[in-house]
There are 2 protein chains.
Amino acid sequence: MAERQVALAPLPLTSERFAPYGDVIEASRGDAAAMNEARFERFDNLCDVDAAEGGSVSVSIARCRTATELPLRIDKLERHPLGSQAFIPLQLCEMVIVVAPPGESVDLSELRAFVTKPRQGFNYHRGTWHMPLIAFSTGHEFLVIDRGGAETNCEEVVLDDAVMLEAV
Amino acid sequence: MAERQVALAPLPLTSERFAPYGDVIEASRGDAAAMNEARFERFDNLCDVDAAEGGSVSVSIARCRTATELPLRIDKLERHPLGSQAFIPLQLCEMVIVVAPPGESVDLSELRAFVTKPRQGFNYHRGTWHMPLIAFSTGHEFLVIDRGGAETNCEEVVLDDAVMLEAV
């Protein structure tokens, strides 16, 4: 039987669309509080940092060495069974992500792709399947907040059919 | 007796200079690990996230509403007795910070000022005295990683003498 090919077009990332997979980290919610004599407004509780089973919270930076171009063929996803994982861009740039809901396997019909706006970050909840990080410019940097600890915390699944992530 | 005036000139932020106060969050250390089939390099364990006494880890964004200009007179510092507090810029910009070592009071001779490079963030260790956040452009955003929880976690000290934070 010939391989099926699934085309996946990125939609703009919003907290409503992303709710089944995680949190959108952005300063656009309505509940800003004044801080420092109102020189700043502060948007609190933007993501659920989950370091299950006694893990610590780790802060890292991922720097792009090889830029990715779209369209891109995706052949596997990964998930972190012991914790959440957040990515926040450290310069103004777009990101494209692919997710599927937590579960033992991935149904290709449940894949979703999203494109971020500059200054939007996101947090994958524990167990959310996702494409490994890609970036569109060498040298771009992303803050990573995830679970530290020696336990194995990354699982991969190979997709049954070819998935083509389309250009934005 | 006339008030003394202390002038404070910012020095470039480096992890060596900042070690008594906290961590510099930047992708410049020598221990990068390859990730995602070497499309990225990952700089791990960039700061010590401290949410003492059962606190949660909170992720927020602070957005500047009123830009600050230097020179600036500083009349108070604050500290967080229950946790660390990290600030990471979400656009390429400089920041200026003022710190003093943990302790019950602040000796003006121990004040230090630092200026960051673009893409440098920093993490105040628990108890480090610091000037409340300032920024130089309205609309600039900073990711904040600190301790969540209902307990009081901010103390202020009023400085004995006028401190003038000088321009960079």
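I will start with the interface between the chains, then go to single residues, and end with salt bridges.

First, the conventions. This is a predicted model, in which local features need pLDDT of at least 70 and side-chain atom pairs count only at pLDDT 80 or more, while totals for chains, interfaces and linings use all residues; side-chain values use heavy atoms, with hydrogens and water left out. Residues are numbered from 1 along each chain as its sequence is written, and chains are lettered from A and ligands numbered from 1 in the order in which they are written.

Now the interface. Counting contact as heavy atoms within 4.5 Å, 48 residues of chain B touch 48 residues of chain A. The size of an interface is often given as the accessible area lost when the parts come together. Here the two chains bury about 4100 Å² between them, with 53% of it on carbon and sulfur atoms. Buried area is the accessible area, with a 1.4 Å probe, that two parts lose on being put together, summed over both. On the chain B side, Arg39(B), Phe40(B) and Arg119(B) lose the most area to chain A, together 17% of what that side buries.

How many residue pairs are in polar contact between chain B and chain A? The count is 32, with both residues at pLDDT 80 or more. A polar contact is a pair of N or O atoms within 3.5 Å; within protein, one must be able to donate a hydrogen and the other to accept it, and residues adjacent in sequence count only if both atoms are side-chain atoms.

On chain B, strands β5 (40-43), β6 (56-64), β8 (85-89) and β13 (141-148) each supply at least two residues of the side that touches chain A. Strands are DSSP runs of E, at least two residues, numbered from the N terminus. β6(B) gives the most, with 8 residues. By class, that side of chain B divides into 26 nonpolar, 10 polar and 12 charged residues. Nonpolar covers Ala, Val, Leu, Ile, Met, Phe, Trp, Tyr, Cys and Pro, charged covers Asp, Glu, Lys and Arg, and the others, Gly among them, are polar.

There is also strand pairing between the chains. Strand β6 of chain A, residues 56-64, runs antiparallel to β5(B), and 4 bridges join them; two strands pair if DSSP finds at least two bridges between them. Within this pairing, Cys64(A) stands opposite Phe40(B).

Phe142(A) lies in strand β13 of chain A. Is Phe142(A) buried or exposed? Phe142(A) is buried, at a relative accessible area of 1%; the scale is buried under 20%, exposed over 50% and partly exposed in between, with a 1.4 Å probe and protein chains only. Beyond its neighbours within four places in sequence, Phe142(A) is in contact with residues including Ile61(A), Ile88(A), Leu133(A) and Phe40(B). The C-alpha atoms of Phe142(A) and Phe87(A) are 6.0 Å apart, although 55 residues separate them along the chain.

Next, some backbone points. The peptide bond from Leu70(A) to Pro71(A) is cis, and a cis bond also joins Leu70(B) and Pro71(B). Asn45(A), not a glycine, has a positive phi of about 55° and is exposed at 58% relative accessibility. Asn36(B) has a positive phi of about 50°, but Asn36(B) is buried at 16%.

Last, salt bridges. A salt bridge here is a side-chain nitrogen of Lys or Arg within 4 Å of a carboxyl oxygen of Asp or Glu. One of the salt bridges joins Glu41(B) and Arg65(A), with the closest N and O atoms 3.8 Å apart.

Within chain B, Arg79(B) is buried, with a relative accessible area of 11%. Arg79(B) forms a salt bridge with Glu155(B), with 2.7 Å between the closest N and O atoms. Arg79(B) lies in strand β7 and Glu155(B) in strand β14, so the pair ties together parts that are 76 residues apart in sequence. Glu155(B) itself is partly exposed, at 32%. Finally, salt bridges that share partners join Glu41(A), Arg119(A), Arg63(B), Arg65(B) and Glu141(B) into one network.
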